[in-house]
Structure formats: structure tokens, C-alpha cells
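This report describes aromatic contacts and strand pairing in one protein model. The sequence and the structure are shown first.

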Amino acid sequence: MAIGCTTLKSLVRKRDAWTRRLSSFDTSGGNRDAWDIPVGDTATLADIAGAGCITHIWFTIASEDKYYLRHLVLRMYWDDEEQPSVECPVGDFFNIGHGLAASNAALPLATVAPKESERKLGGNMAMNCYWQMPFATRAR
């Protein structure tokens with residue numbers, strides 16, 4: 001059995017829990033499913049109170065900066081820590097450290113770039129993460 005399989009086995013186990021989904025959906029009722037984050041600003045994508053476990057993160061990012069995979073920093077804080085537990089360029093987090101949009105499947109990460117974006121700086125792609133990230137009191 002592969003090493004990764006033993007750590008991902010719990011993905012299919014039945015649990016006595018409930019699930020939630022956080023999204024950038026358009027709260028006005030329209031169809032604008034995106035947040036504009038100006039250069040130099042930060043945005044809180046999720047702020048979850050109570051104990052839980054993040055099991056899936058999915059991003060698509062539209063940016064005029066062709067180096068966005070290296071310039072955009074992802075930070076995650078657990079349980080009201082002052083310093084982030086995760087702080088890295090978004091491309092590095094999703095296994096795209098070279099900054100080129102690329103399709104890539106390496107559990108627990110997967111990215112999908114359309115043919116016209118494949119191997120392009122600043123290309124579009126969908127980014128998925130299936131790391132299990134538990135927290136006791138809060139995730140931000």
C-alpha cells in the first residue's frame with residue numbers, strides 16, 4: 001500500500017458530524033462569484049468558529065499579474081494563533097512552485113489548467129487541496 005493511502009483512508013469513513021461550505025457566492029443574488037482584492041490588501045476568505053476540520057479547498061484566481069502564483073500569499077491561522085501555521089505563495093501551496101499554470105494530480109493536491117493556459121505564466125487554472133486540516137476552536 002502506498003504511504004499516501006494510509007493517511008487519506010479516513011476520507012471515506014462515516015462520521016457523526018455535519019458539513020459546511022464557504023464560498024465567494026454573490027450575496028446580492030447576482031452571478032458574480034468573485035472577490036476583488038487590490039494589490040497590497042488582504043482578505044479573509046473564511047473565519048470558522050468552533051472545532052472542525054477543513055477537508056477541501058478549491059480556488060480559481062483571475063489576475064492581471066502573470067506572476068500571481070508567486071506573488072499571492074496564502075495564510076492560515078488555527079485556534080487564534082498570532083502567527084500563521086501556513087504562509088506561502090498560493091502556487092507553492094498547490095504544488096505549482098514554478099509559477100506556471102499546469103495540470104497536476106498528486107494527492108492530496110490537484111490542479112487543472114485549460115489547454116490555452118497550460119505552462120503559461122499567469123495562466124488560469126482550478127486548484128484543489130484535500131489536506132485534512134483540523135482545528136480546535138477557530139480557523140481563519
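A search of the whole structure finds 3 aromatic pairs; rings of Phe, Tyr and Trp (its six-membered ring) pair if their centres lie within 6.5 Å, and planes under 30 degrees apart count as stacked, over 60 as edge-to-face and the rest as tilted. Two of these pairs are given in the table.

| Pair | Centre to centre | Angle between planes | Type |
|---|---|---|---|
| F59 and F94 | 5.7 Å | 70° | edge-to-face |
| F93 and F94 | 5.1 Å | 80° | edge-to-face |

Helices (H or I, at least four residues) and strands (E, at least two) are DSSP runs, numbered from the N terminus. F59 and F94 are both buried, and F93 and F94 are both buried as well. Buried means under 20% relative accessible area, exposed over 50%, and partly exposed in between (1.4 Å probe, protein chains only). F59, F93 and F94 make up one aromatic cluster.

The model is predicted: local features need pLDDT of at least 70, side-chain atom pairs count only at pLDDT 80 or more, and totals for chains, interfaces and linings use all residues. Residues are numbered from 1 along each chain as its sequence is written, and side-chain values use heavy atoms, with hydrogens and water left out.

Strand β3 also takes part in an open sheet of 4 strands, in the order β3-β8-β7-β6, with antiparallel pairing. Two strands pair if DSSP finds at least two bridges between them. The edge strands, each pairing on one side only, are β3 (57-60) and β6 (104-106). Neighbouring strands of this sheet are turned by 10° against each other on average, direction ignored; axes are lines fitted to C-alpha atoms, and angles run from 0 to 180 degrees between N-to-C directions. Between β6 and β7 (residues 109-112), which run antiparallel, there are 3 bridges. N104 has T111 in β7 as its bridge partner.

Another antiparallel pairing joins β4 to β5 (residues 86-89) through 4 bridges. L74 has C88 in β5 as its bridge partner.
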